[in-house]
Amino acid sequence: MKRFLTALLALGSCLLAQAEATLNLDSIYLQLDRAIDSSAVFLQRKTLRLDSLKQQLRLATDDEQRFQRAKTIYEEYVPFDNDSALAYQYLCMDLASRMHQDDRYAETLMALADQLTESGFYNEARMHYEQALPLIHGDSLQNAYLLGLVRLYGEMGYYSHDPRLREQFFQQSDRLRDSLLHRLDSTSAVWLQQQTMMCTNQQRLDKAMRYSLLWEQLCPPDSRAYATMAYYRSTIYAQQGNWQMQRLWLARSAMVDIRNAIMDQGSLWSLAETFLAEEQHLDRAHRYINFSWQCLSRFSTHMRSWLVAPVLTRINNEYKDQLEKANNHLLWAIILVSLLAVGLLASLFYVQKKRRQLATARNELKGANDELASLNGQLAGKNDELEEANALLHATNEQLRTAVIHRDDSNRVKDEYLGKFISLCSSYIDKLDNYRIRVNRKLLAKQYADLVRMTSSEQLKEDEVNELFDNFDTVFLHLFPTFIDDFNALLRPEERILPPDHAHLNTDLRIFALIRLGIDESSKIAEFLRYSPNSIYAYRSRIKNKAAGPRDDFERQVKEIGIQE
């Protein structure tokens with residue numbers, strides 16, 4: 001009665017856990033991903049433990065110590081490396097034979113047969129069980145013998161391609177399991193495991209779940225026994241059609257396997273296979289099956305490889321299909337961008353045509369230039385400002401030729417700024433001529449008051465300065481598109497500078513953009529930005545105080561932004 005109540009309470013807990021499965025799955029997947037990322041740590045821990053045990057074996061002084069220590073190493077290798085497990089089990093057999101201990105020799109024969117069953121060598125395993133039978137005495141060895149045969153015939157039935165043989169093997173396994181269950185304590189983990197498996201095979205799923213819940217109470221968390229229990233729990237949910245709970249328990253089982261550096265694992269690739277049924281999480285499935293394949297390759301048994309290979313092929317095919325779809329989408333995107341580019345070129349040709357028409361109109365007004373002689377003095381100041389801006393651009397290009405460390409970067413900056421310089425000069429000529437035309441029209445219309453207002457306002461100067469800064473920002477950010485992010489990376493997180501948008505620089509960023517171009521004299525920077533040298537010095541000092549690294553090294557790091565090694 002007490003055991004029934006315990007199972008009932010555990011079943012209630014299981015139903016609550018099922019309600020939370022949807023919420024927990026994403027969390028479990030993240031934990032599983034982190035476990036895979038840390039698998040090298042778990043593997044190193046396992047390797048260090050094996051090295052320590054091997055050192056103890058080398059220091060053994062008699063055959064009894066050698067047997068015990070070799071047996072411990074074998075048990076560590078059983079889920080980790082099949083070939084090494086077999087090697088140490090052969091060593092245990094030799095030691096047991098040398099000590100003339102029949103019970104131990106029988107025990108090692110059955111352990112060897114069990115490992116050969118795991119490897120898929122069924123005839124050799126059956127031969128070793130037959131050799132061990134005359135030497136078996138005592139309940140524990142008889143139980144181990146029956147348990148080994150149950151597993152052997154179960155595996156032979158599972159992998160057999162002959163339907164008749166498969167049925168015979170399963171029947172033999174069931175008969176041996178019945179004999180084993182009558183001999184075992186009904187509260188032992190082995191009894192509960194066999195009952196769970198038998199009820200699951202017979203589709204008595206409610207009963208299988210009750211046995212599984214009792215079995216879980218005997219399995220320490222994060223142990224291999226818990227991983228095995230979790231795997232068989234997932235098979236119950238799979239037969240119930242509860243895919244969420246199946247994946248939840250497969251993920252738990254796989255996580256324990258990874259943390260214990262178990263290479264003989266079936267949970268992870270089974271989890272990856274469930275993703276294929278609904279064609280979801282293909283990236284994750286691809287990662288899981290590849291990791292599982294690496295583990296099974298290390299474990300070195302062909303039976304597990306036969307199981308994983310079809311799943312791996314299916315996932316790779318699904319992954320390939322997704323890539324092909326993505327490539328098709330990309331192709332259509334390229335076609336669309338190409339069409340937009342053609343439209344942009346057509347717009348550019350139209351603009352060029354209009355500009356040629358404007359140039360013809362300018363030529364017709366050339367004869368009126370003599371009438372503008374009286375205004376040349378007023379325009380001289382504007383010409384001087386334009387010449388200063390042109391001279392500063394020229395000086396900027398000269399500074400760029402000497403400041404950039406690598407020749408390729410220097411050529412790139414020089415070509416970009418030279419092209420922009422030529423474009424600006426042409427633009428300023430056009431603007432000057434437009435200004436001349438406007439003045440001429442005012443003169444012809446005798447609008448002298450408007451002329452006085454036009455020549456007295458400094459709006460033109462401010463507009464040209466703002467356009468100069470916009471052009472500088474555009475060219476600089478074209479040359480160094482990641483300058484804002486790279487510059488902020490040199491500052492403390494709380495001191496980072498964010499301009500209104502990523503297409504323009506503010507004053508702080510513009511000062512260090514000029515420093516990046518090799519213009520590091522405060523007077524030159526002040527001349528370009530229309531500030532006093534003292535203000536520029538104050539700006540530079542304030543920003544350097546916000547540096548994440550050494551203050552004196554800050555400007556050197558700024559000058560290296562964007563350099564391609």
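Glu 155 touches Thr 117 and Tyr 122, leaving aside residues up to four places away in sequence; contact here means heavy atoms within 4.5 Å. This is a predicted model, in which local features need pLDDT of at least 70, side-chain atom pairs count only at pLDDT 80 or more, and totals for chains, interfaces and linings use all residues. Residues are numbered from 1 along each chain as its sequence is written, and side-chain values use heavy atoms, with hydrogens and water left out.

**Glu 155**

- You'll find Glu 155 in helix α8, residues 139-159. Helices are DSSP runs of H or I with at least four residues, strands are runs of E with at least two, and both are numbered from the N terminus.
- Glu 155 counts as buried because its relative accessibility is 18% (buried is under 20% relative accessible area, exposed is over 50%, partly exposed is in between, with a 1.4 Å probe and protein chains only).

**The chain overall**

- The secondary structure comes to 25 helices and 0 strands.
- Of the 565 residues, 41% count as buried.
- Among contacts with a separation of 6 or more, 64% come from residues 24 or more positions apart.

**α11 against α12**

- The axes of α11 (residues 205-217) and α12 (residues 224-240) come within 10 Å and cross at roughly 160°. Axes are lines fitted to C-alpha atoms, for helices over the stretch in contact, and angles run from 0 to 180 degrees between N-to-C directions.
- So α11 and α12 are roughly antiparallel (over 145 degrees; under 35 is roughly parallel, 65 to 115 roughly perpendicular, the rest oblique).
- On the α11 side, the contact includes Leu 205, Met 209 and Trp 215, while α12 brings residues including Tyr 226, Arg 233 and Tyr 237.
- The contact residues split into 10 nonpolar, 4 polar and 2 charged (Ala, Val, Leu, Ile, Met, Phe, Trp, Tyr, Cys and Pro are nonpolar; Asp, Glu, Lys and Arg are charged; the others, Gly among them, are polar).

**α10 against α12**

- Helix α10 (residues 189-201) packs on α12 at about 20°, with the axes 10 Å apart.
- That angle is why α10 runs roughly parallel to α12.
- Gln 193, Thr 196, Met 197 and Thr 200 of α10 meet Thr 228, Tyr 232, Thr 235, Ile 236 and Gln 239 of α12.
- This contact divides into 3 nonpolar, 6 polar and no charged residues.
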